[in-house]
Amino acid sequence: MEWWFHLPIVFWCLTIFTFGLIVGSFLNVVVARLPYEKSLIWPSSRCFACYTKIRAFDNVPILGYLRLRGKCRKCGTPYSARYLWVEIGTGVAFLALFLAEVVFNCHGIPGIKYDYLTSNVPPPQCWALFLYHAALLSGLIAAAAVDAEHRIIPTPITYTAMAVGVIGGALMPWPWPQAATVVSALPPEITMWNHPDYIGKIPTGVQPWPFWGPTFAFAPPGSWKLGLLNSVIGALVGSLVIRITKWLFETGFGREALGLGDADLLMMAGAFLGWQIPVLSLFVGAVAALVLKVLEVIFRPNNAPAVPNSTASTPVTPTADDQNPRELPFGPGLAIGVVVTWFAWPWLGPQLQSAFFDAFTLGLLGAVMGVGILAAALLLRRPVEVQQPVAAK
Ligand SMILES: [Zn+2]
């Protein structure tokens with residue numbers, strides 16, 4: 001085959017990567033300004049130290065940062081490396097998403113197919129899927145980056161992304177892009193989908209499986225009402241699972257654990273992915289947060305401050321609507337947990353289907369985990385002040 005037959009895929013990969021860099025550049029503005037409740041569009045990008053307007057040419061993703069070696073052109077104040085990493089990270093994330101979901105269709109959604117050898121442009125449902133999930137990735141990246149830097153997750157990020165998730169859910173209701181008839185083709189005499197005949201056979205759409213058994217009569221498969229319901233339930237469950245865990249930990253530890261920003265993060269994910277993935281993400285996220293913490297301890301230079309203080313000028317206290325800064329940022333771990341669970345879902349989903357679609361098993365598991373969390377918190381409970389200053393004698 002001649003090499004130029006592969007040009008369409010090369011073109012789209014470069015386009016998607018560039019699109020990711022531009023979105024990442026915007027996310028940097030969000031991360032830098034939202035914790036201080038500044039406007040996102042006014043004024044234009046400025047040096048945070050000398051307030052010189054950053055020239056359009058210096059504001060080009062990656063290149064602008066590298067050419068000036070991460071410093072202000074006028075006053076030489078170094079900028080946080082986060083600017084570079086968020087840009088590159090978003091570009092790579094978008095490219096990986098496009099390859100995984102559209103080109104290789106890793107979720108195995110029938111109707112998602114881009115054969116670049118026969119058509120130059122991916123079909124519309126591929127773009128809908130990609131853009132929908134790119135919005136979720138952007139929300140996760142922004143939330144994780146703000147949390148890592150300021151230990152808060154501003155609600156404008158999570159609520160805006162959640163609105164996109166709910167609207168997209170209504171526009172692309174389960175089992176879209178498959179026809180609703182694939183659902184009615186399932187054996188009708190079985191009312192609960194944890195029946196062995198159903199394991200691994202519930203059709204996947206842009207939204208994963210939504211319900212126990214056949215859907216409600218007022219929201220049939222493929223209707224916007226079902227999509228809306230799925231997103232709203234996903235958001236509620238995502239928020240609740242953190243709030244319950246937070247309550248259990250706080251009852252056990254007797255002091256504040258987790259944050260409402262974490263609940264908002266899973267609420268956002270639930271609006272896009274339905275209710276099962278956020279529940280599992282909490283546990284995967286806890287493992288990811290632990291790994292991040294270990295890496296941080298290994299790689300952070302000694303005596304470095306815990307929070308990189310990028311604003312050298314007057315200290316500004318980050319403000320958020322409903323939360324105080326926490327001891328440890330859980331957001332980055334949780335965001336990784338969501339992505340890992342989401343992409344492991346084609347394999348993980350059928351494994352867990354009998355638990356997720358059986359009210360009794362799920363309730364029992366939830367109760368056991370709740371008791372486990374409470375017991376662990378009680379066992380790990382320590383006095384708040386461990387090191388009491390020894391009085392001089
Ligand atoms: Zn400057």
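1. Buried, as the word is used in this note, means a relative accessible area under 20%, and Phe 253, with a relative accessible area of 18%, is therefore buried. The model under review is a predicted one. Phe 249, at 24% relative accessibility, falls into the partly exposed class.

2. A search of the whole structure returns 16 aromatic pairs. One of them joins Trp 3 and Trp 4, whose ring centres are 5.8 Å apart and whose planes stand at 85 degrees, so that the pair is classed as edge-to-face. The rings of Phe 249 and Phe 253, by contrast, have their centres 5.5 Å apart with planes at 10 degrees, and this pair is therefore stacked. A pair of aromatic rings is described by two quantities, the distance of the centres and the angle of the planes. As to accessibility, Trp 3 is exposed with a relative accessible area of 60%, while Trp 4 is partly exposed with a relative accessible area of 46%.

3. One aromatic cluster is formed by Phe 11, Trp 12, Phe 19, Phe 94, Phe 98, Trp 127 and Phe 130. A ring also takes part in an arrangement with a charged group: the charged end of Arg 82 sits over the ring of Tyr 83, at 4.5 Å from the centre of that ring.

4. The zinc ion has as its protein donors the SG atoms of Cys 47, Cys 50, Cys 72 and Cys 75, which lie 2.3 Å from the ion. The angles among the four donor atoms run from 105 to 116 degrees, and the site is tetrahedral. Four donors count as tetrahedral if all angles lie between 85 and 135 degrees, and the site is therefore assigned to that class with its angles of 105 to 116 degrees. Along the sequence, the donor residues follow the spacing C-x2-C-x21-C-x2-C.

5. Cys 47 is placed in the loop between helix 1 (7-33) and helix 2 (63-67), and Cys 72 in the loop between helix 2 and helix 3 (82-103), so the pair ties together parts that are 25 residues apart in sequence. Cys 47 is buried, its relative accessible area being 1%, and Cys 72 also counts as buried, at 8% relative accessibility. Cys 50, another of the zinc donors, is partly exposed with a relative accessible area of 26%.

6. How many disulfides does a search of the whole structure find? The search gives zero disulfides. A disulfide is a covalent bond between the sulfur atoms of two cysteines. Cys 106 may be noted here for its accessibility, since at 31% relative accessibility this cysteine counts as partly exposed.

7. Thr 90 has its place in helix 3 and, at 0% relative accessibility, counts as buried. When its neighbours within four places in sequence are left aside, Thr 90 is in contact with Gly 20, Val 23, Gly 24, Leu 27 and Ile 141.

8. Two peptide bonds deserve a check by eye. A cis peptide bond links Trp 174 to Pro 175, with omega at about -5 degrees, and the bond from Trp 176 to Pro 177 is also cis, with omega near 5 degrees. Pro 175 is located in the loop between helix 5 (155-171) and helix 6 (181-184), and Pro 177 likewise has its place in the loop between helix 5 and helix 6. Most peptide bonds are trans, and most residues other than glycine have a negative phi.

9. The backbone of Ile 62 shows a positive phi of about 60 degrees, although this residue is not a glycine. Ile 62 lies in the loop between helix 1 and helix 2, and with a relative accessible area of 16% it is buried. Arg 69, also a residue other than glycine, has a positive phi near 55 degrees and is found in the loop between helix 2 and helix 3. In accessibility, Arg 69 is exposed, with a relative accessible area of 69%.

Key:
Residues numbered from 1 in each chain as written. Predicted model: local features only at pLDDT ≥ 70, side-chain atom pairs only at ≥ 80, totals over all residues. Heavy atoms only, no water. Phe/Tyr/Trp six-rings, centres within 6.5 Å; stacked < 30°, edge-to-face > 60°. Buried < 20%, exposed > 50% of the residue type's maximum accessible area, 1.4 Å probe, protein only. Lys NZ or Arg CZ within 6 Å of the ring centre and 35° of its normal. Donors = N, O, S within 2.8 Å, 3.2 Å for Na, K, Ca; no water. Tetrahedral: all angles 85-135°; square planar, octahedral: opposite > 155°, others 65-115°. Helix = DSSP H or I, 4+ residues; strand = E, 2+ residues; numbered from the N terminus. Disulfide = S-S within 2.5 Å. Contact = heavy atoms within 4.5 Å.
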